[in-house]
Amino acid sequence: MMERISEAEAAVMAVLWDASPLSAQDVIKRAPAERGWSANTVKTLLARLVAKNAVAHEEDGNRYLYRPLVARGDYVDGESRRLIDRLFGGRLTPLVAHLAERDALSNEEIAEIEALLKGLKS
């Protein structure tokens, strides 16, 4: 299992999942502007992700190209499982019940869940 990645590192991963391989300069240009990250911050985040084996880098002349080693779906699966395990004892039903009780589900979302459940039963 890969070491956990931070929220900031996940934002860098999102850039790489959208397009890769990318140079550090390309990642800097594509990083969310609202973060206000400096070039050094992005390079630090890339170095951390390389150290965590979440990202690979290869030389390309005088620069490195970065690409994710973890698929977006695998990351989402792992983070979802950790959330459900930590907050709901590993059970999905209490999560859905919690969202429903808090009126956090729209009628459209409820219909989507019903259709999903119906599809799983078939």
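1. The largest nonpolar core has 21 residues, and among these Met13, Leu16, Val27 and Leu46 touch the most other members. A nonpolar core is here a set of buried Ala, Val, Leu, Ile, Met, Phe, Trp, Tyr and Cys residues joined through side-chain atoms within 4.5 Å; buried means under 20% relative accessible area, exposed means over 50%, and partly exposed is in between, with a 1.4 Å probe and protein chains only. H1, helix H2 (24-30) and H3 are the elements that give two or more residues to this core, and H1 gives the largest share, six residues.

2. The model is predicted, so local features need pLDDT of at least 70 and side-chain atom pairs count only at pLDDT 80 or more, while totals for chains, interfaces and linings use all residues. Residues are numbered from 1 along each chain as its sequence is written, and side-chain values use heavy atoms, with hydrogens and water left out.

3. Which residues does Leu16 touch, not counting residues up to four places away in sequence? They are Leu22, Val27, Leu46, Val55, Tyr66 and Pro68, where contact means heavy atoms within 4.5 Å.

4. The sheet is open and has three strands in the order E1-E3-E2, with antiparallel pairing. Helices (H or I, at least four residues) and strands (E, at least two) are DSSP runs, numbered from the N terminus, and two strands pair if DSSP finds at least two bridges between them. Strand E1 (22-23) and strand E2 (55-60) stand at the edges, and because each has a single partner strand, one side of each is left without a neighbour in the sheet. Helix H1 (residues 7-18) packs on the sheet, where it touches E1, E2 and E3, and its direction makes about 90° with that of E3; axes are lines fitted to C-alpha atoms, for helices over the stretch in contact, and angles run from 0 to 180 degrees between N-to-C directions.

5. E1 and strand E3 (residues 63-68) run antiparallel and are joined by two bridges, with Ser23 standing opposite Leu65 in E3. Six bridges join E2 to E3, which also run antiparallel, and here His57 stands opposite Tyr66 in E3. The hairpin of E2 and E3 has two residues between the strands, and in this hairpin Gly61 takes a positive phi near 70°.

6. Two loops deserve a look at the backbone. In the loop between H1 and E1 lies Pro21, which is joined to Ser20 by a cis peptide bond with omega of about 5°. In the loop between helix H3 (39-51) and E2 lies Asn53, which has a positive phi of about 60° although it is not a glycine. Asn53 is exposed, with a relative accessible area of 56%.

7. How many aromatic pairs are there? The count comes to two, under the rule that rings of Phe, Tyr and Trp (its six-membered ring) pair if their centres lie within 6.5 Å, with planes under 30 degrees apart counted as stacked, over 60 as edge-to-face and the rest as tilted. The rings of Trp17 and Tyr75 have centres 5.5 Å apart and planes at 40°, so this pair is tilted. It links distant parts of the chain, since Trp17 in helix H1 and Tyr75 in helix H4 (residues 72-88) are 58 residues apart. Trp17 counts as buried at 18% relative accessibility, and Tyr75 is buried with a relative accessible area of 15%.

8. The rings of Tyr64 and Tyr66 have their centres 6.5 Å apart and their planes at 55°, so this pair is tilted. Tyr64 is partly exposed, with a relative accessible area of 37%, whereas Tyr66 counts as buried at 12% relative accessibility.
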